[in-house]
Amino acid sequence: MSKNTKNEEKHSIEVAHDDKVFASCTFETLGLHTRLCNILEEKLGFKVPTHIQAQAVPVILSGKHVLVNAATGTGKTLVYLAPVVHHLLLQNDKQRINRADGTYALVLVPTHELCMQVYETLDKMLHRLHWLVPGYIMGGESRAKEKARLRKGVSILVSTPGRLLDHLKNTSSFVYTNLRWLIFDEADRILELGYGKEIEEILTVLGSRQDKSTVQRQNLLLSATLNDKVNHLANISLENPVTIGLDDKKIQIKPMCKTLSSLEAGVDNASDGLEKLTNSSNGEYNMPAQLIQRYVKVSCGSRLVVLMSILKKLFEGSATQKIVVFFSTCDAVDFHYLLMSEFQWPPNSNSEAESRLFLECKTYKLHGNMDHGERRSSFNEFKTEKSALLLSTDVSARGLDFPQVRCIIQYDSPGEATEYVHRVGRTARLGERGDSLLFLQPIEIDYLDELKRHGVLLSEYPLLKLLDSMPFYGRNPNVKKFVSLETHHWVLSLQKALESCVITEPSLKKLAMSAFCSWVRAYSAHRGELKSIFMVKKLHLGHVAKSFALKEQPSLVGGSFQKQLKKRNRDQKHKGGSKRRRIISKS
Ligand SMILES: Nc1ncnc2c1ncn2[C@@H]1O[C@H](COP(=O)(O)OP(=O)(O)OP(=O)(O)O)[C@@H](O)[C@H]1O
């Protein structure tokens with residue numbers, strides 16, 4: 001948690017350090033409207049603020065521009081929503097607010113799911129305040145319906161950047177002359193996804209309005225991790241900001257001459273501001289203290305078997321088990337989803353009664369290539385399940401609040417350390433316990449040093465112990481213990497069974513081949529220093545194929561893929577930069 005004692009002194013808030021999550025004050029003592037405090041308790045069940053809420057809410061109430069950096073799952077959503085609702089309640093006490101006033105607060109978020117999630121919290125907060133209208137707009141929804149909603153008036157609007165810009169430009173009935181708050185939630189991710197240009201345009205459109213208007217604007221930026229792009233966004237959007245949750249070493253908001261879009265393209269690395277940010281990118285992350293973080297070292301060809309075994313063990317070991325597994329591509333999610341929904345055990349069983357699914361759990365998937373309806377129902381259903389498995393790309397990595405997720409498995413490595421932090425942040429939220437497991441191949445083990453640079457330390461998962469304990473092993477007393485992973489009886493048998501399943505099911509085989517191809521492409525798209533850890537030329541493509549339960553590397557894919565790789569390398573040399581990974585995992 002933050003060490004920003006200045007703010008604590010300023011607002012005389014006593015934050016109890018004996019409790020790791022909650023502060024020893026009440027929402028009233030933070031200065032929030034009594035009506036809002038009642039709603040927080042009765043509608044949301046929030047009795048006392050979390051530490052970050054206790055620290056940040058009074059500062060935000062004071063009207064300052066604020067940059068908030070706090071660990072995942074510490075309640076940052078309320079940090080910005082509560083002061084906005086408070087001020088609107090006060091305003092309404094003096095002069096009635098109505099829909100025709102248009103939008104008072106804009107919340108920008110990177111993904112649809114986060115948009116819905118923030119909207120739902122807001123909706124609960126405004127339940128009894130009928131004159132304050134919550135709303136959301138986001139890509140993929142009907143523009144006409146959104147236009148109609150905006151025409152009627154939305155007091156607090158949650159949006160993804162592209163769609164907001166669209167309405168700012170094209171919906172003349174969208175009233176935002178009273179806009180008082182502009183909030184960027186998961187600010188770094190918005191920029192990671194390539195929305196830099198849209199953000200600049202949004203700031204220009206809203207900024208020019210602000211010049212003409214008498215309304216005073218307060219801008220807020222929030223994220224669990226920061227990078228040079230957030231520094232730049234902070235620089236162009238915040239005036240004399242208060243930073244909360246940051247020590248001075250971590251970030252210095254310093255003028256930078258670059259545009260957000262040039263930062264996205266990795267152009268002009270030699271600016272003054274970037275020097276400061278190199279320091280910030282070496283800084284330690286705020287991780288939930290109770291999170292148990294481990295890694296498992298697995299050679300490429302055994303990855304699938306190990307994943308399946310660990311999942312089986314976890315689901316059989318507990319009646320209520322909620323797990324999220326992260327993959328690097330949509331194709332990989334589709335393949336593993338179908339495989340896990342079809343793969344039977346024991347294999348080749350004659351009797352239907354004897355043969356069951358290898359993983360007997362409810363399985364969901366979530367990625368950006370799914371249609372909106374499917375994506376929404378997956379998200380909502382997994383949220384309400386007590387025991388289930390979610391296979392996902394990084395679309396779930398940011399901000400999503402799935403209750404009671406006990407374990408995060410990063411089957412494909414996250415790339416930058418910030419992504420690691422957000423992925424594991426889907427568990428161990430608000431002081432709850434949680435485990436995380438990172439898969440690494442022996443050739444990738446230096447990634448642990450990259451995490452260590454940010455103060456993230458992982459212990460090794462006892463893999464052989466797990467494999468020795470699998471039931472199949474018990475039936476074969478002649479097998480020697482302490483054999484290597486690749487020659488382990490359980491591993492060999494399960495791999496064989498998985499390969500037979502894939503080869504006999506054409507749709508599965510097709511998905512495996514596409515997933516193989518996009519996996520290697522994603523692997524080759526790691527940026528900067530990570531390129532020396534995740535080196536595609538060190539991969540044995542035959543073993544990669546095995547990890548998709550393919551007996552051999554698909555020859556067709558291999559040839560064309562090598563050509564694609566060479567072309568990509570040539571293109572990157574010409575462009576002098578890499579736009580890379582986010583394009584593939586734009587989830
Ligand atoms: N004061 C509170 N009392 C009880 N629960 C709370 C309180 N504040 C927030 N929560 C709950 O804590 C969970 C995490 O909150 P939230 O999603 O805002 O965290 P976050 O810091 O934004 O996480 P991330 O960095 O992953 O986006 C949510 O389920 C939210 O409802």
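Just after helix H3, Gly63 adopts a positive phi of about 95°. The model discussed here is predicted. Helix H3 itself is mostly covered, with ten of its eleven residues buried. The buried residues of H3 are His51, Ile52, Gln53, Ala54, Gln55, Ala56, Val57, Pro58, Val59 and Ile60.

Helix H3, residues 51–61, lies across strand S1 (66–69), strand S6 and strand S7, and runs at about 175° to S1. Helix H10 (residues 228–237) also packs on the sheet, where it touches S1, S5 and S6. The direction of H10 makes about 170° with that of S6.

## Overall composition

The protein chain has 587 residues, of which 46% count as buried. Its secondary structure consists of 24 helices and 16 strands. Among contacts with a separation of 6 or more, 76% are between residues 24 or more positions apart.

The domain assignment of the protein chain gives domain 1 (3–272) and domain 2 (291–554).

Seven strands make up an open sheet with parallel pairing, in the order S3-S4-S2-S5-S6-S1-S7. Strand S3 (134–137) and strand S7 (242–244) are the edge strands, and each pairs on one side only. On average, and with direction ignored, neighbouring strands of this sheet are turned by 15° against each other.

Within this arrangement, strand S5 (residues 181–185) and strand S6 (residues 218–223) run parallel and are joined by five bridges. Leu182 stands opposite Asn219 in S6.

## The sheet containing S8 to S16

Another open sheet has seven strands, paired in the parallel sense and ordered S12-S13-S9-S14-S15-S8-S16. Strand S12 (363–366) and strand S16 (459–460) stand at its edges with a single partner strand each, so one side of each has no neighbour in the sheet. Strand S8, residues 291–297, pairs with S16 in the parallel sense over two bridges. In this region Arg294 stands opposite Ser459 in S16.

Helix H14 (residues 330–342) touches S12 and strand S13 (388–392), and its direction makes about 170° with that of S12. Helix H16 (residues 417–424) lies across S8, strand S9 (322–326), strand S14 (407–410) and strand S15 (434–440). The angle between H16 and S14 is about 150°.

## Contact between the domains

Where domain 1 meets domain 2, 20 residues of domain 1 are in contact with 16 residues of domain 2. Helix H5 (112–125) and helix H8 (187–192) each supply at least two residues of the side of domain 1 that touches domain 2. The largest share of that side, four residues, comes from H5. By class, the side of domain 1 that touches domain 2 has five nonpolar, nine polar and six charged residues.

## The ligand shell

The ligand is surrounded by 17 residues, and the closest are Phe46, Gly75, Lys76, Thr77 and Gly399. Helix H4 (residues 76–94) provides the largest share of this shell, three residues. Classified by residue type, the shell comprises five nonpolar, nine polar and three charged residues.

The position of the ligand relative to the domains follows from the origin of its shell. Both domain 1 (3–272) and domain 2 (291–554) give residues to the shell, so the ligand lies between them.

## Met470 in the loop between H18 and H19

Met470 is found in the loop between helix H18 (463–468) and helix H19 (471–474). There are 18 other C-beta atoms within 10 Å of Met470. A residue counts as buried at 20 or more such atoms and as exposed at 12 or fewer, so Met470 is partly exposed.

With residues up to four places away in sequence not counted, Met470 touches Ser309 and Trp490. Met470 and Leu164 are 306 residues apart in sequence, and their C-alpha to C-alpha separation in space is 52 Å.

Technical notes:
Residues numbered from 1 in each chain as written. Predicted model: local features only at pLDDT ≥ 70, side-chain atom pairs only at ≥ 80, totals over all residues. Near = placed C-beta within 6 Å. Nonpolar A, V, L, I, M, F, W, Y, C, P; charged D, E, K, R; others polar. Domains from an automatic or database assignment. Pairing = 2+ DSSP bridges. Contact = placed C-beta atoms within 7 Å. Axes fitted to C-alpha atoms, helices over the stretch in contact; angles between N-to-C directions.
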